[in-house]
Amino acid sequence: MSASGFLRVLAVDDEPPALDELAYHLRADPRVARLHTAGDATEALRLLRDGDVDVVFLDIRMPGLDGMELARVLRRFARPPAIVFVTAYDDGAVDAFDLGATDYVRKPVRAERLAESLRRVIGSRVVPSHPAALARAEEDPTIPIELAGTTRMLPRSAVRWVEAQGDYARLHTAEGSHLVRVSLATLAERWADAGFVRVHRSYLVQLKLIAELRLVNSGYVVVIDGTELPVSRRHTRELKDKLVRAAKQDWNR
């Protein structure tokens with residue numbers, strides 16, 4: 001962030017009308033001290049090489065190096081800028097949270113929605129400056145969810161269990177549930193290291209939150225937050241082993 005406390009911003013979009021609209025709204029915000037624009041990833045990298053930037057507002061679908069690929073390059077910078085994806089599509093949401101995006105804004109952009117993004121950027125650039133805070137942010141990525149027409153970032157740690165719904169997944173939290181366009185299989189693979197385990201073809205749960213593994217009729221269920229979720233036969237043995245290992249680790253602490 002610049003010394004004045006205002007942001008140095010780069011907006012990247014290959015469609016001139018969309019870039020002009022985005023730039024117009026960003027210039028109108030008093031927190032933006034300096035704004036650069038680029039029509040593709042090559043121009044964006046040249047601008048980033050010539051000066052520091054606090055945040056990049058980045059279109060996803062661009063010719064050549066697309067927004068996701070550019071974001072992966074930016075993550076390797078010694079001081080990577082915050083990333084806000086600005087797109088007309090929602091099929092990049094999963095990759096966005098994997099890349100640690102600060103926000104995910106749907107087109108057409110609105111001034112109040114961009115203002116909210118800038119607030120998040122300021123918070124993310126100021127608060128996690130301590131190494132421990134940075135480590136926590138890296139360990140707890142966020143996933144974009146839709147709430148009343150607004151895309152918000154849900155921390156993975158808030159998810160208690162996940163339910164498959166066709167090609168979508170429903171994330172269950174203590175406050176409610178959210179439907180996201182990502183398969184349960186994809187989340188099972190990406191969240192395995194965070195303690196999420198598959199207990200059924202339709203359910204993925206956070207292992208440490210299982211309160212009970214109970215035999216009911218001819219099969220097992222797990223209990224999380226008072227909710228019973230079925231455990232398939234093919235996952236029962238693996239789940240028992242993981243619960244035993246987790247308990248032993250707790251005893252040895």
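In which strand does Gln206 lie? I looked this up first.

**Entry: conventions.** I am working on a predicted model, in which local features need pLDDT of at least 70, side-chain atom pairs count only at pLDDT 80 or more, and totals for chains, interfaces and linings use all residues. Residues are numbered from 1 along each chain as its sequence is written, and side-chain values use heavy atoms, with hydrogens and water left out.

**Entry: Gln206.** I find Gln206 in strand β12, residues 203–206; helices (H or I, at least four residues) and strands (E, at least two) are DSSP runs, numbered from the N terminus. Gln206 has a relative accessible area of 7% and is therefore buried (buried means under 20% relative accessible area, exposed over 50%, partly exposed in between, with a 1.4 Å probe and protein chains only). I then listed its contacts (heavy atoms within 4.5 Å), leaving aside neighbours within four places in sequence: Gln206 touches Val159, Arg160, Ala194, Gly195, Phe196 and Ile224.

**Entry: salt bridges.** I took a salt bridge as a side-chain nitrogen of Lys or Arg within 4 Å of a carboxyl oxygen of Asp or Glu. How many salt bridges does this rule give? I note a count of 15.

**Entry: Asp13 and Lys107.** These two residues form a salt bridge, with 2.7 Å between the closest N and O atoms. Asp13 sits in the loop between β1 (7–12) and α1 (16–27), and Lys107 in the loop between β5 (103–106) and α5 (111–126), so the pair ties together parts that are 94 residues apart in sequence. Is Asp13 buried or exposed? I record Asp13 as buried, at 3% relative accessibility, whereas Lys107 is partly exposed at 23%.

**Entry: Glu116 and Arg120.** I find a salt bridge between these side chains, at 2.4 Å from N to O. Both residues belong to helix α5 and are four residues apart, which means that about one helical turn separates Glu116 from Arg120. Glu116 and Arg120 are each buried.

**Entry: Asp225 and Arg160.** Arg160, already noted as a contact of Gln206, forms a salt bridge with Asp225, the N to O distance being 2.8 Å. Why does this pair tie together parts 65 residues apart in sequence? The reason is that Asp225 lies in the loop between β14 (219–224) and β15 (227–231), and Arg160 in strand β8 (residues 159–165). I record Asp225 as partly exposed, with a relative accessible area of 46%, and Arg160 as partly exposed at 22% relative accessibility.

**Entry: network.** I close with salt bridges that share partners: they join Asp103, Arg113, Glu116 and Arg120 into one network.
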